[in-house]
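Subject: Structure handover

Hello,

Here is the structure we spoke about, followed by notes on what was found in it. Please look it over before reading on.

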Amino acid sequence: MNGFEQALTTGIEGGTIILYPALGELIGERAGVVNLGMEGCMLAGALSAFAVGAITGSAWLGVLAGIGGGAVVGLAHAWLVVKRHADQLASGLVLWFLALGLTSVLGANYVSQTVTPLPVINVTGLSAIPWIGPIFFEHDPLVYISYFLVPLIGWALYRTRIGLVLRATGERPEVVSVAGRRPELVQMGAVVLGAALAGIGGAQLSVGYVDNWFDDMTNGYGFIAVAVVLFAAWRPWLVMIGAYLFGVALAAAGVLQAHGIEVNQYVLDALPYFVTLVALVALGRSGGSRAPEGLTKALTNSS
Amino acid sequence: MNVLSTKTQDEPKLLAPEELTNPTWSSRLTEVVTAAISTRGLRRLGVALGVYVVCLGLFALLVLSQKANPFGVFNSIFQSALFSNGSIPEVILRAVPIVLAALAVSVPARAGLVNVGGEGQLIMGAVAATGVGVYLGNSVPGFIGWICMGVAGFGAGAVWGGLAGLLRVLVNANEAVTTLLLNFIANDTMLYLLYQPWKDPTGGGQPESRPLSSHEVLPRLFGSSINLGVIIAMVAALVVWYLLKRSGWGFALRVVGGNQQAASRAGLPVNRLRISSMAVGGGLAGLGGMLYLAGTQLQLLPGGTATYGYIAFLAAFLGRHDPFKVVLAGLLFAAIAVSAPGLQLSYGLDGNVVDALLAFIVVAPLVLSSRRKGAF
């Protein structure tokens, strides 16, 4: 395997850690709620997954626990933001700090423990394809599930009634209310679902990728997920591309250096953020940002 | 549309916000007392107290779950923040970057802008100050070095914040979003410099810059560990208070934040005011980064600001963007941050436990923040 291929392979695996919370953030933001606490949801998911995985010996039970862990943090955010009308940005940051503190304290005993990680499965047939095979089809099952999840979410958002209601809630909750639906419930559901997805991302990190737990292990992945959604201008397929772009950028420097090519890790790290910023400027220039209207309102009236 | 009728429509917006009338202390006190005496006020006070008690109780439960005594932990936090040897100066030193980065949130908030970029602005301030400080070295007298570093720090932060303001005005890119992105670009910029061009060749391979020369370090005052940076930060906070509460610029910001259309009809340069509020905010955070570097850290280190920018956002929120309260909130959070090592040493709790405490303190007003009318 050459360096380029290896960078892409690691990029997909690492990018999946970003993809799950990014899809979650996408769903929440489409319903008009930004969650800066994705980092916290991921931490909760990562620790729950690792703890349950280590105790039961089953990484899959761990993943389920990760979903639960993320969802609990998401529920707190949903309650504060939707029911108590709290400032969305402050609530997200608070829950990040809360999850950081809680997982650091509660996870202290798990720091040196081991877990049976999710198995790496080579997809029969597909993994034999040169180039594409090793890059896309030699991973753990959560990576494969994400391949299906992206089109599923795209379909649900654009082709189903619930997706329509969700998007309408993000744009004009009053209209949804008049149509006889309860926008509050839609928003809460979207936030909790999104946070549960972030929990899977955390699980992919702790029982799929590094097979370890240490405090603050998400190291900014949750914030990257927020950036990816902006990069993607709230579209599922672009979220996938963005997540892999960040994943490859994070993985590339190490791999390239191992092959004797000197690059500075941090220049590569900054690149996707820079691209996102340029994309935002370009979108703004082309007139009309694609941000859900309710989201824009939530972000501007927060003082 | 009839000009006159729009004028009358906008008028209440322009004049109504009670903050514009600047009540005196005595009238405010009477207000608070009468509000508290009325039953509704009492009930709200009770609810507020109850929420705080529940939040602190949850933190106590967390501590208990680790078989530590919660009273001991709270006592230890008080000790390390207030009573143990040299604790107060340490809290004050730690508060310098937090308070200035919090004011960096509050100034643009007056103009209705959300600055989540305190972290990046702190970093860029420290980076610029390091660049200038290391470059100047021993070539100039100390006080010229301080001024140059301060100007560089303020300037770099102002550019970082102003850029977000500029993007908001020019292409309508949401500043909450761009400032967040700029945080990461700032952090990566710092790490890039520390791992390659600025790496101290005598630093044993550690990613750290050359230390500032000894006379560039801000001098200590009154034989304590308090340094000149604290005085500068206090002056900066006073200036912010004056600008926001007493100056025409601060008044104009509030008008822009209250009703942008009314502001532009009244002939205010809305775009320039918005950009300037972000630049001044960013500059304050940049100054905070410079003061922390030249007073406490003395060389640029990775993770030197350690999420202070985000803590500052919460401090500004807790202080409701009122300069005086924001300073108090910043001091409170600094005290909590300072207590971390002690909790680790005497109770075996992970140092990050203080993040949970900080969060529980801010969760309370979030729970209570319910707006008067429902959103839908």
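Leaving aside its neighbours within four places in sequence, Ala102(B) touches Ala312(B), Ala315(B), Ala316(B), Val326(B), Ala329(B) and Gly330(B); a contact means that two C-beta atoms, placed from the backbone, lie within 7 Å. Ala102(B) and Val228(A) have the most contacts inside the largest nonpolar core, a set of 229 residues. Such a core consists of buried Ala, Val, Leu, Ile, Met, Phe, Trp, Tyr and Cys residues joined through C-beta atoms within 7 Å. Buried means that 20 or more other C-beta atoms lie within 10 Å of the residue's own; with 12 or fewer it is exposed, and in between partly exposed.

On conventions: this is a predicted model, in which local features need pLDDT of at least 70 and side-chain atom pairs count only at pLDDT 80 or more, while totals for chains, interfaces and linings use all residues. Residues are numbered from 1 along each chain as its sequence is written, and chains are lettered from A and ligands numbered from 1 in the order in which they are written.

Chain A has 13 helices and two strands, taken as DSSP runs (H or I of at least four residues for helices, E of at least two for strands) and numbered from the N terminus. Of its 303 residues, 57% count as buried. The radius of gyration of chain A, taken over C-alpha atoms, is 19 Å, which agrees with the value near 19 Å for a compact globule of 303 residues; the rule is 2.2 Å times the number of residues to the power 0.38.

Gly57(A), with a positive phi near 80°, follows α2(A).

Between the chains, 46 residues of chain B are in contact with 45 residues of chain A. On the chain B side, α8(B) gives the most, with 11 residues.

As for confidence, the model scores ipTM 0.86 and pTM 0.86. Chain B averages a pLDDT of 84 (the predictor's confidence in each residue, from 0 to 100), and 90% of its residues score at least 70. Over residues 1-20 of chain B the pLDDT is below 50, and the pLDDT is also below 50 over residues 372-376 of chain B. Where pLDDT is low, the predicted coordinates should not be read in detail.

Regards
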